[in-house]
Amino acid sequence: MHLSAFELSLLNGDSGPAARKAMQILAALGKIYEAEAMIPVSSVQISGVSYDNLGDAGLEFLAEMANGGGKARVLTTLNPAGMDVENWQALGIPADFASKQMQVIEAFARMGVITTCTCTPYLVGSLPHFGEHIAWAESSAVCFANSVLGARTNREGGPSALAATLTGLTPAYGYHLDEYRIPTITIRVAARVSGTHEFGALGMVIGKVLEAAKLKPLPYIQGIPGATLEELKSFCASIATYGGCALFHMQGITPEASLHTPPAKSLTILQAELDQAVLSLTASRQTSASSNPGLLPDLYSLGCPHLSLREIARLAELLEGKTVKKELWITTARPTRDAAERMGYVRIIEAAGAKIAADTCCVVTPIGGRFNTLVTDSAKACYYAYAKNAFNTRFLSFEQVIAEALE
Ligand code: F3S
C-alpha cells in the first residue's frame, strides 16, 4: 500500500500518539482489504457512542485517544448516545449511567468532534454530495449516504471511524471504488408500498432475501414509483439491518441507478410477501409481563431513524389539544428538536404528554427490563427490541402508533 509523506509522518508519531494509533488502525485495515492508497474524507460519523454499548473498555480507549492529543481533522458527528444528554432524568436513566455517558461525550468533545448525537447527520448539517468520499459508521446512515445521496463510504466500525476523524483519511477500498458499486441482482417490487412502516417492511423482505441467498447485497430495485425522504431513511435502516446492505440502486429514485443496467439475475417481491412481513413484525417473544409484574406494559416510540422536522410537524398536528395515555417517546437529533421548538411543535407535543428524547433512541438507551412491548413504525427497532432488550413488538404505521397512544 502506498503511503504519502504526510501519512508516514502520522505513522511516525509526528502528530502525537493518538494520530499515530489512528494511522496504524487505517494502515492495518488497508492491508487487510488490499487498498492501494488512502483517500481523504470530508466527513465522519462515529458509532459506538452509547455507554450501554461501549462499557468501560470503550470509554478508556476514547480517553486515551483524547489524552494522546487526538484532534478531528474533518467534520465529525456522533451516533445516538444512551440518553438525552440534557434531559436524561425524565427518561428514567440511572445517574451512574448518565455520569459515564457524559464522560464519553466529553472525550469526543475534547477531540473536536461535534457532539450532535444522531443517526441522521444528513438532516442536521453533515450532508455529503454526490461522489464525495466520507467515513460513516451507522448502518442506516451509511446506506442512505451511499444509495440516496450517492456519496461513498464503507460501513466503518467505531475505531476506524475515529481513526478517519483524527487523520482525515480512509483506505480506498469497497464502496469508495466504482467496481464495488455495480448492482448484482434486480429486485422487482410488485406491491404497493407506502409510509415509513411499509418501506421498513420492504427493506426487511429484500434484506432477508439477500441474506438467505448469500448474495453480495447490492440490489437494483424496480417498481417503486416514488418515495419520500422519510420512507427512504426507514427503508435504508431496515435493509441494512436485515440484509447487511450498504448500497442499493432504486430505479428513478436514487442517483446512480441510471448509470447501471439492471442485472439479468432477478426476483420479484409480491404483495403477499410484504403483507406477511408487516404482520411478522408484530410478535410476542416472551412472557416477561407475567414473570415480571413490575414491567410497564408498553413503550410507544417513533424516531428510528431519528425523526425529520417534517415528521415532527406531522406529530404535532396529530397530538394538538389531545392527551396521550401511554408512554410515548419521540427520538430525534437535538438540532431538529431545537428547530421544532422554535416552530412551537415541542410545546404541543409535550403538552399532550409525549416525551421528546433528543440525542438517543429506544435501541441504545438502557431500557431493557422496563417495558413489556415496544410499539413502533420501525422495522429496525423491532429487530433490536427483540435481539437486545427482549421486548415483544407491535408494528404499526406512524399514524397508528399515535392513534393507539391516544386511546
Ligand atoms: Fe437510529 Fe437508533 Fe434506529 S441509531 S436507526 S434510531 S436504532
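This is a predicted model: local features need pLDDT of at least 70, side-chain atom pairs count only at pLDDT 80 or more; totals for chains, interfaces and linings use all residues.

Reply: Residues are numbered from 1 along each chain as its sequence is written, and side-chain values use heavy atoms, with hydrogens and water left out.

Me: Why is H7 called roughly perpendicular to H9?

Reply: Helix H7 (residues 195-212) packs against helix H9 (residues 271-280) at an angle of about 105°, with the axes 9 Å apart. Angles of 65 to 115 degrees count as roughly perpendicular, so H7 is roughly perpendicular to H9.

Me: Which residues of H7 and H9 meet?

Reply: Glu198, Ala201, Leu202, Met204 and Val205 in H7 meet Glu273, Leu274, Ala277, Val278 and Ser280 in H9; contact means heavy atoms within 4.5 Å. This contact comprises seven nonpolar, one polar and two charged residues.

Me: What makes a space in the model a cavity?

Reply: On a 1 Å grid over the protein atoms alone, a cavity is a set of points where a 1.4 Å probe fits but cannot get out. The structure holds one cavity of 30 Å³ or more, and the largest cavity has a volume of about 50 Å³.

Me: Which residues line the largest cavity?

Reply: Thr196, Lys233, Ser234, Gly303, Cys304, Pro305, Leu307, Glu311 and Asp377 line the largest cavity; lining residues have an atom within 4 Å of a point. Strand E10 gives the largest share of this lining, four residues.

Terms used: Axes are lines fitted to C-alpha atoms, for helices over the stretch in contact, and angles run from 0 to 180 degrees between N-to-C directions. Helices (H or I, at least four residues) and strands (E, at least two) are DSSP runs, numbered from the N terminus. Angles under 35 degrees count as roughly parallel, over 145 as roughly antiparallel, 65 to 115 as roughly perpendicular and the rest as oblique. Ala, Val, Leu, Ile, Met, Phe, Trp, Tyr, Cys and Pro count as nonpolar, Asp, Glu, Lys and Arg as charged, and the others, Gly among them, as polar. On a 1 Å grid over the protein atoms alone, a cavity is a set of points where a 1.4 Å probe fits but cannot get out, and a pocket is an open set with protein on both sides within 12 Å along at least five of seven lines; lining residues have an atom within 4 Å of a point. Grid points are joined across faces, edges and corners, and a volume is the space filled by probe spheres set on the points.
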